[in-house]
Amino acid sequence: MMVKKSNVPDGPMLPGLSLDQIVTVLAEKFTVVRDASDQWGLTLVAPAEKLRDIMRFLRDEPTLQFAMLLDVVGVDYLAYPGHRGERYAVLYPMKSLTFRHRVTIKVTVDEDACVVPSIHELFRSADWAERETWDQYGIIFAGHPNLKRLLNHHEFVGHPLRKDYPCQKRQKLSINDQMLDQLEARLRARGYTILDHGESHAGTPITDASSVPSLGTVKAGDKL
Amino acid sequence: MKVISPTGERVDLMTINVGPSHPATHGTLRIFAALDGETIAACATEIGYLHRGFEKMVEQGTYSQVLPYTDRLNYCSAMMNNIGFCKAVEKMFAITVPERCVTIRIILSELSRIIDHMVCVCTNLVDLGALTNFWYFFNVREQVYVIWEKLCGARLTNTVTRIGGMYRDVYPGFVDDVRGVLLKIETAVGEVRGLIEHNKIFIDRTKDVCVVSASDAISWGWTGPCLRASGVDRDLRKDEPYYGYETYNFDTVIGTSGDTFDRIMVRIYEMIESVSIVRQGLDRLKPGPINSPDARVSLPSRERVYHDMEALINSFKLVYEGVRPAPGTCYDATEAANGELGYLIVSDGGTNPYRVKVRPPCFTQFAAYGDMLTGAMLADVAASLGSINIIAGELDR
């Protein structure tokens, strides 16, 4: 039998620390502040420059063991009533697979620089999640090896989930992303040396954007 | 593409696109692979073909208007998305829904889990050329859809829950219908299991194919059946029980090797566990209210609206404005068919959600797919994609 059934093969999930205890453990090492806006769980506001250290600590500290980064969530507070402080925030909901506790780390992001450190080396789930947040909010994840758009088309202009991006705005998008750069980067990472890019195969989409007539500039409100 | 391989040989790699419109890409996905013979030397994956701006759209309407959009996330088990969203909003209101509503939600969740697993397993088997299983499972799935149709009038996208309760109570005869379909589900699962579990072709195509270790699965953020197939016994229904799942008697199913075979078999066995949960739920189904009496979320009864000014105002405000959760940020998750379905809601105290972020379980699974395929054969693309159950609706949002 390939699959085993069991009630508790690894032992039940341990109760873990209370929310206050998690704050205490973290506050000994880092300057974190409990976010009062999360009255249902635990959200801690952390300084961006210490983000990598905090995330590594959360993952590796034996009493915490937040092994899983669930998501990377951008928020734009531009239209939030009474909001003071930085325009953007990035939230990192995490959970432990050993203890029954969760935490969300929140980093505020300055509108001008719009940059936070990437944590893709600590959690592989951050790779695509950070790309999505870049795509939707234009927040740069410094150190990310492949910070390209994920959900929107590569010709898309702007970041649609920003509160000042008009909901009805339409853009004309035409040419597929060839993705040869991503493929070659992955080949190089595996130890291949690329000698030539090869002829385009029937299966590859239009290869060269310059061979396609320009579409002109599309303005908001244009009927497409 | 001419390259020098890591071993120093000059090889000519062929680049090939699988998808975006390929029969084996369940939805619209693109896999761009460099082939060395039949082996995938490296591949890059692309999503977004079904991106429709879910998160932008939900900011434009009220909380109740989000519900029909959630149907379109994982459309193979639409009800579980409704339930997950309602549960998150109810958490913000600190509302406990009535016991009958909880039991109905569990029954609907587990039936949805079964039909979701059915689609996942049998379409995966079709990709392997095993068409018979498709008919066995889709016949029964159709009968579940008949129940959905009787329940709420819709088959695929049901919008069956409401914040604080249900759209309506179950119809007379629901319990008998479900009991009848459970027997058929058991038969179908037994038939498909019999056809594949010791089938040499199936084992050769799936065993030790695209193995994901437990530590990789955790780092990739995998949840649900795919994580359990890698040998990590984590299930929100057991670990952080909600809706009284801890009082139900069922086992979690875990795999041992994290290969395609385990990912399929975990789902097969989970269906049997879900059948047992549905039976226990049906036994517990007692008459009672299905909507929370909380005036902040539930419409007052018609009799009261016609005779009581306060109830009329209440009804008017709820219909024309909608519910208003307290300002703040809330994350809540349920164990959906594919894994942890999370909703992170930012409320500004108004009637429209300020920000809703869905954490779709198959997003983290597909993020790992490019790495899973590296070193595998081209034929494994079709064999393994089904096993991570990619639903483009929730992947691309």
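**Figure 1. The loop between α7 and α8 of chain B, with D208(B).** The loop that connects α7 to α8 (214-219) in chain B contains D208(B). This view, like those that follow, shows a predicted model. D208(B) is not a glycine, yet its phi is positive, near 60°. Most residues other than glycine have a negative phi. Is D208(B) buried or exposed? D208(B) has 12 other C-beta atoms within 10 Å, and therefore counts as exposed, the limit for that class being 12 or fewer.

**Figure 2. The loop between α16 and α17 of chain B, with N389(B).** N389(B) is placed in the loop that runs between α16 and α17 (392-396) of chain B. Its phi is positive, about 50°, although N389(B) is not a glycine.

Figure 3. Helix α16 of chain B covers residues 378-385. Because 6 of its 8 residues are buried, the helix is largely enclosed by the rest of the structure. Which residues of α16(B) are buried? They are D380(B), V381(B), A382(B), A383(B), S384(B) and L385(B). In chain B, these buried residues pack against strands β3 and β4 and against helices α4 (99-127), α7 (200-206), α11 (260-284) and α15 (369-373).

**Figure 4. The open sheet β3-β4-β5 of chain B.** Three strands of chain B, in the order β3-β4-β5, make up an open sheet with antiparallel pairing. Its edge strands are β3 and β5, each of which pairs on one side only. From one strand to the next, the twist averages 20°. Chain A also takes part in this view: its helix α4 (residues 180-189) packs on the sheet and touches β3, β4 and β5 of chain B. The direction of this helix makes about 140° with that of β5(B).

**Figure 5. Strand β4 of chain B and its two partners.** Strand β4 of chain B (residues 30-36) is mostly covered, with 5 of its 7 residues buried. In a regular strand the side chains alternate between the two faces of the sheet. Strand β3 (residues 14-18) of chain B is joined to β4(B) by 5 bridges in the antiparallel sense. Within β4(B), I31(B) is the residue opposite V18(B). With strand β5 (residues 39-46) of chain B, β4(B) pairs over 7 bridges, also in the antiparallel sense. R30(B) has E46(B) as its bridge partner in β5(B). The two strands β4(B) and β5(B) form a hairpin with 2 residues between them. In the turn, G37(B) has a positive phi of about 65°.

**Figure 6. Strand pairing between chain A and chain B.** Strand β10 (residues 193-196) of chain A and strand β1 (residues 2-4) of chain B run antiparallel and are joined by 3 bridges. At one of these places, D196(A) has K2(B) in β1(B) as its bridge partner. How many residues does each chain bring to the contact? Chain B contributes 63 residues and chain A 58. On the chain B side, the residues that touch chain A divide into 31 nonpolar, 15 polar and 17 charged.

**Figure 7. The two domains of chain A.** Chain A is divided into domain 1, residues 19-165, and domain 2, residues 169-224. Where the domains touch, 7 residues of domain 1 are in contact with 7 residues of domain 2. The domain 1 side of this contact consists of 3 nonpolar, 3 polar and 1 charged residue. Chain A has 4 helices and 10 strands, which follow one another along the sequence as β-α-β-β-α-β-β-β-β-β-α-β-α-β. Of the 224 residues in chain A, 33% are buried. Among contacts in chain A between residues at least 6 apart in sequence, 55% are formed by residues at least 24 apart.

Methods:
Residues numbered from 1 in each chain as written. Chains lettered and ligands numbered in written order. Predicted model: local features only at pLDDT ≥ 70, side-chain atom pairs only at ≥ 80, totals over all residues. Domains from an automatic or database assignment. Contact = placed C-beta atoms within 7 Å. Nonpolar A, V, L, I, M, F, W, Y, C, P; charged D, E, K, R; others polar. Pairing = 2+ DSSP bridges. Buried ≥ 20, exposed ≤ 12 C-beta atoms within 10 Å, placed from the backbone. Axes fitted to C-alpha atoms, helices over the stretch in contact; angles between N-to-C directions.
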